[in-house]
Amino acid sequence: RDLEGWLCQRVGVPEHKVVQIYNGVDSTRFHSAETGRETLPVADFALPETVVIGTVGRMETVKDQVTLARAFVHLLSLVPEARNRLRLVLVGDGSLRARAADILEDGGATDISWLPGDRADVAGLLRGLDVFVLPSINEGISNTILEAMASGLPVVATDVGGNPELVVDGVTGALVPPGDPAGMAETLRTYVENPDLARRHGRAGRDRIEATFSLETMVDRYLEIYDDVLAGGVGR
């Protein structure tokens with residue numbers, strides 16, 4: 001809807017020529033772990049008592065992983081008794097990677113963080129998380145949010161761009177202001193202290209994928225548009 005509004009209001013495309021189709025996600029490749037979490041290739045990250053918070057994406061300014069790093073450090077101060085259980089995973093590479101690592105080091109969190117760079121096994125890594133976070137300052141329709149929801153994870157995302165169209169606040173996850181580490185930390189604390197809520201939101205996210213954001217739904221919508229155009233409908 002955010003992009004649709006920009007096309008119609010700023011670019012001047014006639015409204016009757018714009019139809020919105022959401023991206024679909026491969027809900028077979030991205031699926032919930034069969035039991036608990038899958039094992040991450042890092043010592044102490046797969047222990048049953050740990051709470052693994054993570055994100056996936058190119059580490060550039062628009063994705064703002066430094067806010068998540070700061071939020072994680074702040075979270076440690078909010079729930080110091082949970083430090084032995086908390087873990088952070090930042091998958092991806094880019095100009096922010098070193099800065100995020102420095103923030104975690106300054107916050108005494110290097111030993112409980114994993115920054116592996118680019119990975120080809122994202123689907124499996126998502127199944128090794130408990131909570132997915134997207135800290136971006138701008139987004140369209142995020143494939144990584146869809147992949148996380150398909151993986152049965154609650155999603156904490158910034159309230160920007162298309163994120164509110166994917167994450168149902170209080171149902172499949174939570175929306176937070178961009179660039180607000182303290183607010184993000186408070187939201188993450190809710191999931192750390194209430195794992196049942198995290199699992200419930202994760203299941204609701206998976207249900208939402210199957211109902212609205214599957215590849216099959218996306219293809220059906222494209223076919224409807226093609227049929228309508230051939231019949232002299234939309235876009236004429």
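This is a predicted model: local features need pLDDT of at least 70, side-chain atom pairs count only at pLDDT 80 or more; totals for chains, interfaces and linings use all residues.
Q: How many positive and negative side chains are in the chain, and how far apart are the centres of the two sets?
A: There are 23 positive and 35 negative side chains, with the centres of the two sets 0 Å apart. Lys and Arg count as positive, Asp and Glu as negative, while His and the chain ends are not counted. Each charge is placed at NZ of Lys, CZ of Arg, CG of Asp or CD of Glu.

Q: Ok, new topic: which residues touch the most other members of the largest nonpolar core?
A: Ile53, Phe72, Leu75, Leu86 and Leu188, out of 34 residues in that core. A nonpolar core is a set of buried Ala, Val, Leu, Ile, Met, Phe, Trp, Tyr and Cys residues joined through side-chain atoms within 4.5 Å. Buried means under 20% relative accessible area, exposed over 50%, partly exposed in between (1.4 Å probe, protein chains only).

Q: And which helix gives the most to this core?
A: Helix 2, with seven residues. Helices are DSSP runs of H or I, at least four residues, and strands are E runs of at least two, numbered from the N terminus.

Q: What does Leu86 touch?
A: Skipping residues up to four places away in sequence, its contacts (heavy atoms within 4.5 Å) include Val51, Phe72 and Val192.

Q: How much of the chain is buried?
A: Buried residues are 47% of the 236.

Methods. Residues are numbered from 1 along each chain as its sequence is written. Side-chain values use heavy atoms; hydrogens and water are left out.
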